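Please look at the sequence and the 3D structure shown here, and keep both in view while reading the report that follows.

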Amino acid sequence: MLKRLVRWSRIKSPWILHLNSGACNACDIEVIAALTPRFDVERLGVLLKATPRHADVLVCSGPVTRQMKDRIIRIYEQTPDPKFVVAVGACAMSGCVYRGAYNIMGGIDQVIPVDVYVPGCPARPDAIIDGVVKLLGKL
Amino acid sequence: MKFQIPIGPQHPALKEPISLRMTVEGEVIRDADLRLGYNHRGIEKLAEERTYLQNIYLTERICGICSHSHTTCFVQGVEALLEVVAPRRGQFLRYLVAELERVHSHLLWLGVAGHEAGFDSFFMYTWRDREVVMDILEMISGNRVHYAINTLGGVRRDIDEALRTKILDSLGILRARTDYYFKLGANEPSFVGRLAGVGRLSKEDALALCAVGPTARASGVAHDVRRDDPYGIYGEIPFEVCTADSCDVLGRTVVRIKELGQSYNIIEYLLRNLPDGPVAVKAPRRAKPGEVVSRDEAPRGENIHYIKANGSDKPERLKVRAPTLANYAATLARLKNGFIADIPLIFAAIDPCICCAERTVELIDGRSGRPTVVRWSDLRRRAARRAGRVSKKRNVECPL
Ligand code: SF4
């Protein structure tokens, strides 16, 4: 019973943390655009949280620079279980145009496990919402 | 008692995420220092391995908000090296997109300023209106953020008559909304009270610290590359350089709102005088050995690209000086003798950023060296508390 309640609340109201790992910013403003009136994911219960300790879903963008690598792992460890990771944008998937640069790891999945990939450079807000919905469908 | 506060390490909305280290006495910041390099991806090195054409798409991804100004700057430089001139229609479209980008960037920044000042409805309003510009940009280029419209020797896409009238119609909506923001920004007592007098930067300091863009213009320095060193077709477009003398965050807000109006005028001028003809000419692949410095006015200020060619189809060196970098020194100066609660505002004031990732602030007790962690949201709460204390001008007309 309690399990069902927890699962229901998790699906109805996923709290997200947006994490930039060296992205060019475009994916980040699209994540924010998804929160503003045109797309307004808040009506679906999605809330942007300030700290990883409150988050269920990490929405990550960027190719992971070497400087950020340890910090991302730390943030991932700070997020309480069960946690899910959505990689937003081509960079977060594979490095995009930066692939081959000396300072990047080449994708979020090089450092932490990823559940959903949202392609696009930048990914459109609709695509990001779709990614989160697909993730919730898996729960 | 003095405290050291590191902020950061990440400020994702900047092209160069940074860590700030501040020494504070009570609530007052006495000293500030910067650490860079968290977002360093190695773009300049990467550029040396790619052809000029490929580099357009790489420079576009230096920054997502002013992507077009980086490609414009780069393309202008390379066109000078390749000795090609873009046809007039191509140039008109190139700078049309540049002005549209300025509009979207300034609207974005206004929202962020509202958010950091604790005025979230303003944030939601401006971002709603920003979608109008995003739609136009998407119709012109096919993408919302990275337009990829520039190419060597012109632009990649043309616009038709239907789109032209549509953009002109949308301008009407944007104009009306911007007038409303201006009234709101200048009259809403709590908003004005929060912004006025915060983060002062005198005209002398702005000049001495080489501030650029709206940051400098809000301190009374009428510097704008579009007018001082006209590139492309800016020499023939009538527009004003907007300045303010209040030297604070309120001034920066006012300057940006006024610039929105100027951008609408420029867009209208470009659309009404759009010449016929091709949008691009064919450009050679290899550039003769030489070097070039190209400047343009990005939404945040002067953007400089230095390109060195060695005769092959790849640049030997590309150096980018983005406007935010030029404004760091001025920001540090403004943080000094300010309040901790004002950090978000002062910081947001140089950059139309929408940093959503929360930065953590570590307060290290100067004596015991024991760190306590403060979240960015707590900082904002402090900011909101301080806003509650400022005296408000009463009996001012608040339009709604
Ligand atoms: S995927 Fe593209 S738009 Fe997104 S952060 Fe990477 S380079 Fe920027």
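In chain A, H2 and helix H4 (90-94) each supply at least two residues of the shell around the ligand, where helices (H or I, at least four residues) and strands (E, at least two) are DSSP runs numbered from the N terminus. The model is predicted, and local features need pLDDT of at least 70, side-chain atom pairs count only at pLDDT 80 or more, while totals for chains, interfaces and linings use all residues. Residues are numbered from 1 along each chain as its sequence is written, chains are lettered from A and ligands numbered from 1 in the order in which they are written, and side-chain values use heavy atoms, with hydrogens and water left out.

**The ligand site**

Of the 13 residues around the ligand, A:Cys24, A:Cys27, A:Ala90, A:Cys91 and A:Cys121 come nearest; a residue is near a molecule or strand if one of its heavy atoms lies within 4 Å of it. Because the surrounding residues come from chains A and B, the site is shared between chains.

**Two helices from two chains**

The axes of helix H2 (residues 26-33) of chain A and helix H5 (residues 120-141) of chain B come within 11 Å and cross at roughly 110 degrees, the axes being lines fitted to C-alpha atoms, for helices over the stretch in contact, and the angles running from 0 to 180 degrees between N-to-C directions. H2(A) is therefore roughly perpendicular to H5(B). Contact (heavy atoms within 4.5 Å) is made by A:Ile29, A:Ile32 and A:Ala33 on the side of H2(A), and by B:Phe123, B:Trp127, B:Arg130 and B:Glu131 on the side of H5(B).

| Group | Nonpolar | Polar | Charged |
|---|---|---|---|
| Shell around the ligand | nine residues | three residues | one residue |

**The strands**

In chain A, five strands form an open sheet in the order E2-E1-E3-E4-E5, with parallel pairing; two strands pair if DSSP finds at least two bridges between them. Strand E2 (47-48) and strand E5 (116-118) of chain A stand at the edges, each with a single partner strand, so one side of each has no neighbour in the sheet.

In chain B, strand E6 (residues 290-298) and strand E7 (residues 301-309) pair in the antiparallel sense over nine bridges, and E6(B) and E7(B) form a hairpin with two residues between them.

Note on methods: Angles under 35 degrees count as roughly parallel, over 145 as roughly antiparallel, 65 to 115 as roughly perpendicular and the rest as oblique. Ala, Val, Leu, Ile, Met, Phe, Trp, Tyr, Cys and Pro count as nonpolar, Asp, Glu, Lys and Arg as charged, and the others, Gly among them, as polar.
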